Amino acid sequence: VQLQASGGGLVQPGGSLRLSCAASGSIVSISSMRWYRQAPGKQRELVAASISGGSTNVVDSVKGRFTISRDNAKNTVDLQMNSLKPEDTAVYYCNAVVKEKSGVSYSDYWGHGTLVTVSS
């Protein structure tokens, strides 16, 4: 299973970016897809999650600005980021909990990350 994230870049404060992540491989089902971020010198933190069944949530620091959406048919998850702030600058990672055709249980997979820089 591979996760390919895209959509990062440089944006001015107040601007918007949309991150996308696509899971590919021998996938039977995906129980959850999440976005994490890691700012320079800080630990990786959860930003948003989409859980099987349609439930979504975002952390308080991005509530009202970020929206997570998922396409189960395409095995993709997007993160729409609006009203970006300099403190949103980080490498953003896609995560998925996946059951493969060859597996008996779910496993954790990570994408390589995409850099988001918010600066004037």
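Student: In this predicted model, with which residues is Tyr 92 in contact, leaving aside its neighbours within four places in sequence?
Tutor: Contact here requires heavy atoms within 4.5 Å. Leaving aside neighbours within four places in sequence, the partners of Tyr 92 include Trp 35, Tyr 36 and Arg 37, as well as Gly 113, Thr 114 and Val 116.

Student: Which residues of the largest nonpolar core touch the most other members?
Tutor: The largest nonpolar core holds 30 residues.

Student: Is β9 largely enclosed by the rest of the structure or largely open, and why?
Tutor: A residue is counted as buried when its relative accessible area is under 20%. Because 9 of the 11 residues of β9 are buried, this strand is largely enclosed.

Student: How many bridges join β9 to β4, to β10 and to β11?
Tutor: β9 runs antiparallel to β4, with Ile 27 bridged to Glu 100 in β9. β9 is also antiparallel to β10 (residues 106-110), where Ala 96 has Tyr 109 as its bridge partner. The pairing of β9 with β11 is antiparallel too, and there Ala 90 is bridged to Val 116. The counts are 10 bridges to β4, 5 to β10 and 3 to β11.

Student: How many residues lie between β9 and β10 in their hairpin?
Tutor: β9 and β10 pair in the antiparallel sense. They form a hairpin, and the number of residues between them is 5.

Student: Which are the edge strands of the open sheet of 4 strands?
Tutor: The strand order is β1-β3-β8-β7, with antiparallel pairing. An edge strand pairs on one side only, and this holds for β1 and β7.

Student: Which residue in β8 is the bridge partner of Ser 69?
Tutor: β7 and β8 stand next to each other in the order β1-β3-β8-β7. Their antiparallel pairing extends over 6 bridges. In β8, the partner of Ser 69 is Asp 78.

Student: By what angle are neighbouring strands of this open sheet turned against each other on average?
Tutor: The sheet comprises 4 strands in antiparallel pairing.

Conventions. Residues numbered from 1 in each chain as written. Predicted model: local features only at pLDDT ≥ 70, side-chain atom pairs only at ≥ 80, totals over all residues. Heavy atoms only, no water. Core = buried A, V, L, I, M, F, W, Y, C linked by side-chain atoms within 4.5 Å. Buried < 20%, exposed > 50% of the residue type's maximum accessible area, 1.4 Å probe, protein only. Pairing = 2+ DSSP bridges. Helix = DSSP H or I, 4+ residues; strand = E, 2+ residues; numbered from the N terminus.
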